[in-house]
Amino acid sequence: MADVSRAKGDLRGHPDVSEMRERYARMMDARDVVFLDGPVLLAGLYFAISPWVVHFSGTNPNLMVNNLVLGIAIALLGIGLTTAPRRMYSLCWAMSAIGVWMIISPWVVARGADAGVIANNVVVGAITCLFGLIAAGMVMRKGRET
């Protein structure tokens, strides 16, 4: 190991400075859509608790389970986008597909959903699908640049 103790706070003489700079650049390059992490997590958490917020947990138990499972899945995607963005952006198409399912699920899962339930699922599903498409666009753009 090299003796770098003589230059406290100065890394210019460090033997691995070029490798550290490249690694830092790669790490910062993966964080280009950092604004999606939090909103995806919040959309997932809201969708998970939406049966109790919109008050349809007792009237549509199948849709309640559907929303809870999909909300947790979207929240986990949001956490994954935060912790391992380069790996998780490949799942952005899945997030778009889940968003489409969120939109159509009131008619497929709960065959008599009221207007509030439908509006809830359509709005949150559209937002989730939009987030997935934005992330997919960023991945495709990044792929063309490299």
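The model is predicted, so local features need pLDDT of at least 70 and side-chain atom pairs count only at pLDDT 80 or more, while totals for chains, interfaces and linings use all residues. Residues are numbered from 1 along each chain as its sequence is written, and side-chain values use heavy atoms, with hydrogens and water left out.

I begin with the whole chain. The protein chain has six helices and zero strands; here helices (H or I, at least four residues) and strands (E, at least two) are DSSP runs, numbered from the N terminus. Of the 146 residues, 36% are buried. Buried means under 20% relative accessible area, exposed means over 50%, and partly exposed is in between, with a 1.4 Å probe and protein chains only. The chain exposes about 8,900 Å², and carbon and sulfur atoms supply 67% of that. Those areas come from the Shrake-Rupley method with a 1.4 Å probe; for residues, only the protein chains shown count as cover.

Next, contacts, meaning heavy atoms within 4.5 Å. Among contacts with a separation of 6 or more, 66% are between residues 24 or more positions apart.

Now the record. An unreviewed UniProt entry annotates residues 33-53, 65-84, 91-110 and 122-140 as "transmembrane region". UniProt positions are given in the numbering used here, feature names are shortened, and annotations may be inferred rather than shown by experiment. In the model, residues 65-84 are 95% helix and 0% strand, with end C-alpha atoms 28 Å apart. Residues 122-140 are 100% helix and 0% strand, and their end C-alpha atoms lie 26 Å apart.

On to helix H2, residues 37-53. H2 has a kink of about 35° at Phe 47, shortly before the proline Pro 51. A bend at a residue is the angle between axes fitted to the seven residues ending there and the seven starting there. Buried residues in H2 include Val 40, Ala 43, Phe 47 and Pro 51.

After H2 comes His 55, whose phi is positive, near 65°. His 55 is not a glycine, and its place is the loop between H2 and helix H3 (61-83). Is His 55 buried or exposed? His 55 counts as exposed because its relative accessibility is 66%.

Helix H5 covers residues 92-108, and its 17 residues should span 24 Å; the end C-alpha atoms are 23 Å apart, in agreement. H5 bends by about 35° at Met 102, with the proline Pro 106 following within four residues. Among the buried residues of H5 are Met 95, Gly 99 and Met 102.

Those residues turn up again with Thr 128, in helix H6 (residues 115-145). Thr 128 is buried because its relative accessibility is 1%. Leaving out residues up to four places away in sequence, Thr 128 touches Ala 43, Ile 74, Met 95, Gly 99 and Met 102. Ile 127, also placed in H6, is partly exposed at 35% relative accessible area. The C-alpha atoms of Ile 127 and Val 40 are 8.8 Å apart, although 87 residues separate them along the chain.

Last, the cysteines. Cys 92 is buried at 2% relative accessibility, and Cys 129 is buried at 16%. How many disulfides does the structure hold? The structure holds zero, where a disulfide is a pair of cysteine sulfur atoms within 2.5 Å.

Note on methods: Expected span 1.5 Å × (residues − 1).
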